[in-house]
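My entries follow in the order I made them.

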Amino acid sequence: MTIREITDKILEYHPKFDASYDGCDGFKSGNLDDECTGIVSALVPTVEVIKKAAALGCNLLYVHEPSYYSTPDYPDWRAGFENKIYEEKKALLDQYGIAIWRDHDHTHAHKPDGIFTGVIKYLGWEQYRVNADTEGMTMYFEFPDMTVEKMNALLKEKMCLNGIRYIGNPKDKLKKVAIVGHLLPNIFEHQPTTGDGFCKEYATEVIRIMEEEDVDAIIPGETIDWTVMSYIRDAVQLGKVKAAFNVGHFNLEELGMKYAADWIPEAIGNAVPVHYVPSGDIYKFE
């Protein structure tokens, strides 16, 4: 099968998008008419991931996050200045004859979400999930014997992290923990409906669930300091059991691409080998 035929099979597995879709998913490099020799599933197509794909004899990188350092994730560099790192990375892809196909929006469109199904599976948290039939950016888990310290160790092991930035007292016991979405200032729950000028951010909704739904700790994607994280710091300083585990966007979703290597073989009729290659923690800690 050609690389294009392989990705067409994967698209058949996904929910159908309107023909007018013009998002970030699609090819970022490669000759789509080449015969596919194998697939590497990876969260991010880093230079090391590219080299490992080549060593495995695979010429299709199936990825979830951007290749070339911009939010639109164009298949070329369009910022108006020379980017030598981009040029070297593109040359490496050309040297190995590797195609990159990004699958972000389509896999998140599954119900349940295609990435977080894998995250929950490989964390081993299916048995702790509560309200699993609900949809949205927030997933709840209840643990019989969990502390801030234990959660740090668990996340570090399961997500293969070099370290964790966290807020909380290590010995505090946690019962209800939520995986939440990105706590960014431009993500709104809805536009204001009153005249007070208050626009309810998703971050405000996360504070609400911590207040009203007895959520002790959150594991967010992207974070900023002045909303939920400041709320949690103040809560801890007031003696409350609250915590946040700031594992980072990429680390939070990494296990979703491990899961992709489980379902892709069946989706493509086992036409070629499929491997999962971790992108690894982007940060080091002293």
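**Entry 1: β1 and β4.** I began with β1 and strand β4 (residues 99-102), which run antiparallel and are joined by three bridges. Helices (H or I, at least four residues) and strands (E, at least two) are DSSP runs numbered from the N terminus, and I count two strands as paired if DSSP finds at least two bridges between them. Opposite glycine 26 I found arginine 102 of β4. Serine 29 has isoleucine 100 in β4 as its bridge partner.

**Entry 2: basis.** I note that this is a predicted model, in which local features need pLDDT of at least 70 and side-chain atom pairs count only at pLDDT 80 or more, while totals for chains, interfaces and linings use all residues. Residues are numbered from 1 along each chain as its sequence is written, and side-chain values use heavy atoms, with hydrogens and water left out.

Entry 3: I then looked at β3 and β4, which run parallel and share four bridges. Tyrosine 62 has tryptophan 101 as its bridge partner in β4. In a regular strand the side chains alternate between the two faces of the sheet. In β4, Ala99 and Trp101 point one way, Ile100 and Arg102 point the other way, and all are buried. For burial I use relative accessible area with a 1.4 Å probe and protein chains only: buried is under 20%, exposed is over 50%, and partly exposed is in between.

**Entry 4: the five-stranded sheet.** Which order do the five strands of this open sheet take? I read β1-β4-β3-β2-β13, with mixed pairing. β1 (26-29) and β13 (274-276) are at the edges with a single partner strand each, so one side of each has no neighbour in the sheet. Neighbouring strands are turned by 25 degrees against each other on average, direction ignored. Helix α9 (residues 249-267) packs on the sheet and touches β2 (39-42), β3 (60-63) and β13; the direction of α9 makes about 165 degrees with that of β13. Contact means heavy atoms within 4.5 Å. Axes are lines fitted to C-alpha atoms, for helices over the stretch in contact, and angles run from 0 to 180 degrees between N-to-C directions.

**Entry 5: salt bridges.** I find 13 salt bridges in the structure, each being a side-chain nitrogen of Lys or Arg within 4 Å of a carboxyl oxygen of Asp or Glu. Glutamate 65 pairs with arginine 102, with 3.6 Å between the closest N and O atoms. This pair links distant parts of the chain, 37 residues apart: glutamate 65 is in the loop between β3 and α3 (84-96), and arginine 102 is in strand β4. Are these two residues buried or exposed? Glutamate 65 is buried because its relative accessible area is 3%, and arginine 102 is buried at 4%. A network of salt bridges links Lys28, Glu65, Asp73 and Arg102.

Aspartate 262 and lysine 121 also form a salt bridge, at 2.9 Å, N to O. They are 141 residues apart, aspartate 262 in helix α9 and lysine 121 in helix α5 (residues 114-123). Aspartate 262 is partly exposed, since its relative accessibility is 35%. Lysine 121 is partly exposed as well, at 34%.

I also noted the salt bridge between lysine 150 and aspartate 145 (2.9 Å, N to O). Lysine 150 has a relative accessible area of 39%, so I list lysine 150 as partly exposed.

**Entry 6: the six-stranded sheet.** Another open sheet has six strands in the order β5-β6-β8-β11-β12-β7, with mixed pairing. Its edge strands, β5 (129-130) and β7 (165-167), each pair on one side only. Strand β11 (residues 217-219) and strand β12 (residues 243-246) are parallel, with two bridges. Isoleucine 218 is opposite alanine 244 in β12.

**Entry 7: asparagine 152.** I located asparagine 152 in helix α6 (residues 148-158). With a relative accessibility of 14%, asparagine 152 counts as buried. What does asparagine 152 contact, leaving aside neighbours within four places in sequence? I found Ile164, Tyr166 and Phe245.

**Entry 8: a surface patch.** Ile282, Tyr283 and Phe285 make a nonpolar surface patch of about 350 Å². Patches take residues with over 30% relative accessible area and no salt bridge, joining like charges within 9 Å and nonpolar side chains (Val, Leu, Ile, Met, Phe, Trp, Tyr) within 5 Å. Accessible areas come from the Shrake-Rupley method with a 1.4 Å probe, and for residues only the protein chains shown count as cover. Phenylalanine 285 lies in the segment after β13 and is partly exposed, at 40% relative accessible area.
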